[in-house]
Amino acid sequence: MECQMNGTFTQAPNCTDLSAVTCRSLDSGDGSLSCDVTTDPVSCTFSCAEDRFFVLNDTFLSDKTVTCNSATAQWSHMSNINPYGEFPICSESPTPLFYLLAAEAGFTGATTCPDTTKIQEALTTYFSGSGKDAYQCTEGAAPECTVTEVTCSSSSDSITLSFYVNQTGEFTPDKEAFRGQLQTDSAAKLLKLTVNAARRRKRATSLTADGTITTTIRASCTAGSGYVGTSCITCPAGFYETNGVCTECAANTYSSTAGSTACATCPDSLKTISTGADSEDDCIDLCSIPSLSNGYRDPSEGYKVNSDTIVSSYCDVGYSIEHEVSSEAACSQGSSLPSCYKKCEIVLISNSVEMTDSSDVVGSLVDYMDSARYSCDEDAAAEKCTEEGKELSVYCDRVSIVLLLAIIAGGTVALTVFVVLIYFICCTEHKEKKLKRYETVAAVEPMLKSSEALEMQPLKGAKEEHTYNYPNVQSRERSDSSSFIGVMKNKMETVF
């Protein structure tokens, strides 16, 4: 079963369409996809074309299987540095130029290093003159095995020699045999070298292996290709070759062609999501996807993508995005990306209600800011979910318009009667008080006049000098008269 780019399958008449999978569609790149949606979890296998490979953990691979986590809508190979779930780039595997046997062995017999050229000659003489079958490739005028790049380091009681043996031709068991024989000879201390002096008349140095040796054998590849064990692979786009190894382009750099020996720097202030960018298009305006409570996003929160990348938001069961708000938005919107709100629940539907949507029953959930629509006596109505988790009761107890108008009219009439009644009562009381004031004035006025006349007359029988000699008496009598007048005035003021 082969999965096509549009999510359908070829040569599989009765299989499920990949659109039923919750994870995003995968791009097979320069390979192919084979998917099985009958399993849980759904799985897809990516495969390189024939004679092409990719390297993972220093191992040549030609296929990779991934699974879909339906709970998070993420494929198993997605990560914050691979938010789109891209597959490795498949590359060719060119024939090595030769195979390089690297050896490092300890020797006794000297505490200072002899001339490295003389050491190289001594090693060649040992291998070609040993008569051992494993070393036969060093014999002849054009040997397949040659000793190169000898280095030496010394210590207080020994020296350490490092050297390479270049082995041309195909990688056959004979080349591995050379390595095995070298390890055996060194461990048994049978590897003995006679190193001639660089100058005449100086004695040669005799070296004997001390039993310590490490060896590796690897391919030596053309420029732009790297070795993986005894094989070569063309460095794919996103990598460059350095010292015989394919190395990922550093962050904010890229290589868009296979076999590169250097990476280009992103223009302007653009950056890459991670290392290994394989196109200038990977140089982007980075945007970090924000988190989502009570839901998840695709690509996932925390992933770094281009600012114009469309991010899809999904809510957990019982939650929804605000009604009529799109679940998809560009990452650049940041905190304005959709949120998840708790849905409202319909807890009551009266018998007189006819629901517009027959699926709306008691216990049904209504999206945030959406409405449960119904009708009462053919009048359309709705209960809107305006608060998270609000309980919605749907019933018909609304007063008809005619009745409402009658109540308003009756209230207006009652208010008018009340105002008239209050006015009548107030006016009647006011007239009674006014009449009472007039009667009181008429009764008090003669008394006031009489008091004032009395005040103006001198005390009867008093002499003039007596009046002035006893001012206190006169003052008190006048005060008594004034008090009487004051009292009467106060009564009048009270009345008025």
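I take contact to mean heavy atoms within 4.5 Å.

**Ground rules.** This is a predicted model: local features need pLDDT of at least 70, side-chain atom pairs count only at pLDDT 80 or more, and totals for chains, interfaces and linings use all residues. Residues are numbered from 1 along each chain as its sequence is written, and side-chain values use heavy atoms, with hydrogens and water left out.

**F163.** I listed what F163 touches, leaving out residues up to four places away in sequence. The list is L101, A102, A103, L123, F127, V147, T148, E149, V150 and L182.

**Cores.** I looked up the nonpolar cores (sets of buried Ala, Val, Leu, Ile, Met, Phe, Trp, Tyr and Cys residues joined through side-chain atoms within 4.5 Å). Buried means under 20% relative accessible area, exposed over 50%, and partly exposed in between (1.4 Å probe, protein chains only). The largest core has 32 residues. F107, F127, F163, L182 and L193 have the most contacts inside it. Two or more residues of this core come from each of β10, α1, β11, β12, α2, β13 (192-195) and β14. Another core, of 22 residues, lies apart from it and includes L26, M78, C90 and V305.

**Helix α2.** Helices (H or I, at least four residues) and strands (E, at least two) are DSSP runs, numbered from the N terminus. I checked the length of α2 (residues 173-187). The expected span is 1.5 Å times one less than the number of residues. For the 15 residues of α2 that gives 21 Å, and the end C-alpha atoms are 21 Å apart, so the two agree. I found K175, F178, L182, D185 and S186 buried in α2. Seen down the axis, the buried residues of α2 fall within an arc of 95 degrees, so they line one face. The arc is that of the directions from the helix axis to the C-beta atoms. P173 and A187, on the other side of α2, are exposed. The buried residues of α2 pack against β10 (98-108), α1 (116-129), β11 (145-154), β12 (159-167) and β14 (205-220). K189 follows α2 and has a positive phi, near 60 degrees.

**Strands.** Two strands pair if DSSP finds at least two bridges between them. I traced an open sheet of 3 strands, β29-β31-β32, with antiparallel pairing. β29 (354-355) and β32 (379-384) each have a single partner strand, so one side of each has no neighbour in the sheet. β31 (residues 371-376) pairs with β32 over 6 bridges. R373 stands opposite A382 in β32.
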